[in-house]
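Please examine the sequence and the structure shown below before reading the numbered points.

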Amino acid sequence: MKGEFNFTVDKGNKVFWGILFLLGAAAFLVSRLGLLEGVGFWSILFSIGLVAILIKNLARRSWGGILFSLAFLVIVNDELLKLEAITPWPVLGAALLGTIGLNLLFPKVHRAKSYKLIAGGEHTAGDYVSGDRASYENTFGSTVKYVTGEVSRIHLDNAFGGMEVYFSDAVLKDHRANIKIDSAFGRVVLYVPENWQVISEHMETAFGDMVMEHENPPEAADTLYVSGEISFGALLVTNV
């Protein structure tokens, strides 16, 4: 398991990613035929990936993901679009300021319904905790989260930053818990006890990587199920 690259796609996304890979294959052939003069294959490939991330963030209503996906699309295709004057830093700066402004004007509606968080739960700076269910967010920066007490479901939302999550003081409800990770342009590190079993299910990576430094013991009473999506980033699972 150590250093293993894991790429899995759940049924709901097979058609979506299948079409993107077909477009990538078509782009490769078209570029080799010289039909798109001045446009390189890698530019087309990265553009397809960025469009995919843009669509995903539109569905998630993530302002940072939307604006930065557009910014990187402009950077990758600046010569074609005749926008060299605003790349890379001006367009990235505009994306950053735009993200801050939109988040202030239109705060992100947290997807609490996915985890059925009940009223009265603790809420601190984007973090939601209600009973044995919790959700943690990070955008533009680095953060460290400590999961404590009994847990059954956890959601991590990371964009353009780094998130470290420690489970050293956590207790898995009924010896099992589910953690969903949505990370774009960032790195997430899970620190889990050595005696836990960690199973990746429905974990989707797009231009990203999932690395398991944690080695599952032969017999484990506690199991953590990991799912979600990593785009242009990495997920590392290691021991506390």
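**Notes on the predicted model**

1. Strands β2 and β3 form a hairpin with 2 residues between them, and Gly131 in the turn has a positive phi of about 65°. Strands here are DSSP runs (E, at least two residues), while helices are H or I runs of at least four residues, both numbered from the N terminus. β2 (residues 127–130) runs antiparallel to β3, joined by 3 bridges; strands pair if DSSP finds at least two bridges between them. Val129 has Ala134 in β3 as its bridge partner.

2. This is a predicted model: local features need pLDDT of at least 70, side-chain atom pairs count only at pLDDT 80 or more, and totals for chains, interfaces and linings use all residues. Residues are numbered from 1 along each chain as its sequence is written, and side-chain values use heavy atoms, without hydrogens or water.

3. The largest nonpolar core holds 27 residues; Leu156, Phe167, Ile179, Ile181, Leu190, Val226 and Leu235 touch the most other members. Such a core is a set of buried Ala, Val, Leu, Ile, Met, Phe, Trp, Tyr and Cys residues joined through side-chain atoms within 4.5 Å. Buried means under 20% relative accessible area (1.4 Å probe, protein chains only). β4 gives the most to this core, with 7 residues.

4. Apart from this core lies another, of 16 residues, including Leu50, Val74, Ala95 and Phe160.

5. The chain has 5 helices and 10 strands. Of its 240 residues, 44% count as buried.

Key: Buried < 20%, exposed > 50% of the residue type's maximum accessible area, 1.4 Å probe, protein only.
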